[in-house]
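This report covers ring pairs, the nonpolar core and a metal site. Please look over the sequence and structure below before reading on.

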Amino acid sequence: AKQNGRDNARFYEAYMAEDVANLFQFEQVIKEALLKDQFSLVYQPQYDHQRQGIFGLEALIRWHHPERGNISPAEFIPMAEESNLICQIDEFVIEEVLKCLKEWQNADVDIVPIAVNISGRHMVSVGFVDYIEQKLTEYNVSGRWLKIEITEGVFIHDVSQCVDIMSALNALGVEISVDDFGTGYSSLNYLKTLPLDILKIDQSFVRECGDSAEGDKICEAIIQLANNLDLQVIAEGVETELQATVLQQLGCHLHQGYYYFMPETKESVSDRLRQQTHN
Ligand code: C2E
Ligand code: CA
Ligand code: CA
Ligand code: CA
């Protein structure tokens, strides 16, 4: 057993060493991707059943690698989050989104807020709020058009630090959503303490909605929780008419998913927003 334990330790070391090398290589590839404009954004419209129109967009990153083709953010974002390069990716996304909002503002497009996914570690890092404030000023865009989505993980680190940063963002008009709500940590204590605006019901719960009375239960509970706490609630990953109907019956009117819209280019989305104005 002793021998076996030592083997395991050696295996672990080798594995970790290899991992660090991988991460280093990976960082080089990401730096190159940033320099060579291999990243772009798509925007997924979000639908409000009560107002019967698009109420917001979520910006989603895309990576087109010249040899390896398209690489999913589900693959490279978690790795980027292990290195500080996630900050550079976040800043690329923020800059692109503000460019887009500024362009639409100047072209008289009826704009809606755009949500960006930000790494929690980055949001609580020194200088983040200043950076956002400076960029809003630089692009002459009001903070009410920018929203930030973060996952629950960040809230366990330092709640009082989160309160300060999120309040400062709120003061700029930037609203904050909890992404993938219900999949992170078991304590919901942070919901009372933090200045949050929106809960996004995770796709895994939405997928079960309409399947059975059991399947509806989690969505129902999250919607009630949001109502009780005076938070908005967005269902994401809505793919079927049944899910859309059940969610509305449960009191959730803000939906995002393939049933309504796929993530689209900036050009397609701005066409949609123009059409919406004329309807
Ligand atoms: P997420 O933030 O939960 O984003 C929603 C994901 O669900 C997106 O996948 C979107 O394309 C997909 N989706 C939307 N509607 C439906 C639907 O009806 N059914 C299904 N099955 N999927 C739907 P995507 O773009 O591949 O992004 C995956 C994840 O990668 C995101 O999950 C987010 O965690 C991360 N990510 C994407 N873009 C960014 C970014 O710009 N910055 C950061 N930090 N993370 C990002
Ligand atoms: Ca998100
Ligand atoms: Ca999500
Ligand atoms: Ca996610």
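A residue counts as buried when its relative accessible area is under 20%. The model discussed here is predicted.

## Calcium site

Four residues coordinate the calcium ion (ligand 2): E58 (OE), N117 (OD1), E149 (OE) and D179 (OD). Their distances run from 2.1 to 2.3 Å. Along the chain, these donors follow the spacing E-x58-N-x31-E-x29-D.

## Aromatic pairs

The count of aromatic pairs comes to 8. One of them joins F39 and F76. Their ring centres are 5.6 Å apart, with 40° between the planes, and the pair is tilted. F39 lies in strand β1 (residues 39–48) and F76 in helix α2 (residues 73–81). The pair links distant parts of the chain, 37 residues apart. Both F39 and F76 are buried.

F76 also pairs with W63. Here the centres are 5.0 Å apart and the planes stand at 85°. Planes over 60 degrees apart count as edge-to-face, so the pair of W63 and F76 is edge-to-face. W63 belongs to strand β2 (residues 53–65) and F76 to helix α2, so the pair ties together parts 13 residues apart in sequence. W63 is buried, with a relative accessible area of 3%. For F76 the relative accessibility is 1%, which also counts as buried.

Ring pairs join F39, W63, F76 and F92 into a cluster.

## A charge over a ring

Which residue lies over the face of W145? R144 does, at 4.2 Å from the ring centre.

## Nonpolar core

The largest nonpolar core has 81 residues. V97, F155, L169 and L196 have the most contacts inside this core. Helix α3 (residues 85–106) gives the largest share, 11 residues. In soluble globular proteins, nonpolar side chains tend to be buried together.

Take L169 as an example. Leaving aside neighbours within four places in sequence, L169 is in contact with M123, F128, V129, I132, I148, V174 and I176.

Conventions
Residues numbered from 1 in each chain as written. Chains lettered and ligands numbered in written order. Predicted model: local features only at pLDDT ≥ 70, side-chain atom pairs only at ≥ 80, totals over all residues. Heavy atoms only, no water. Phe/Tyr/Trp six-rings, centres within 6.5 Å; stacked < 30°, edge-to-face > 60°. Helix = DSSP H or I, 4+ residues; strand = E, 2+ residues; numbered from the N terminus. Buried < 20%, exposed > 50% of the residue type's maximum accessible area, 1.4 Å probe, protein only. Lys NZ or Arg CZ within 6 Å of the ring centre and 35° of its normal. Core = buried A, V, L, I, M, F, W, Y, C linked by side-chain atoms within 4.5 Å. Contact = heavy atoms within 4.5 Å. Donors = N, O, S within 2.8 Å, 3.2 Å for Na, K, Ca; no water.
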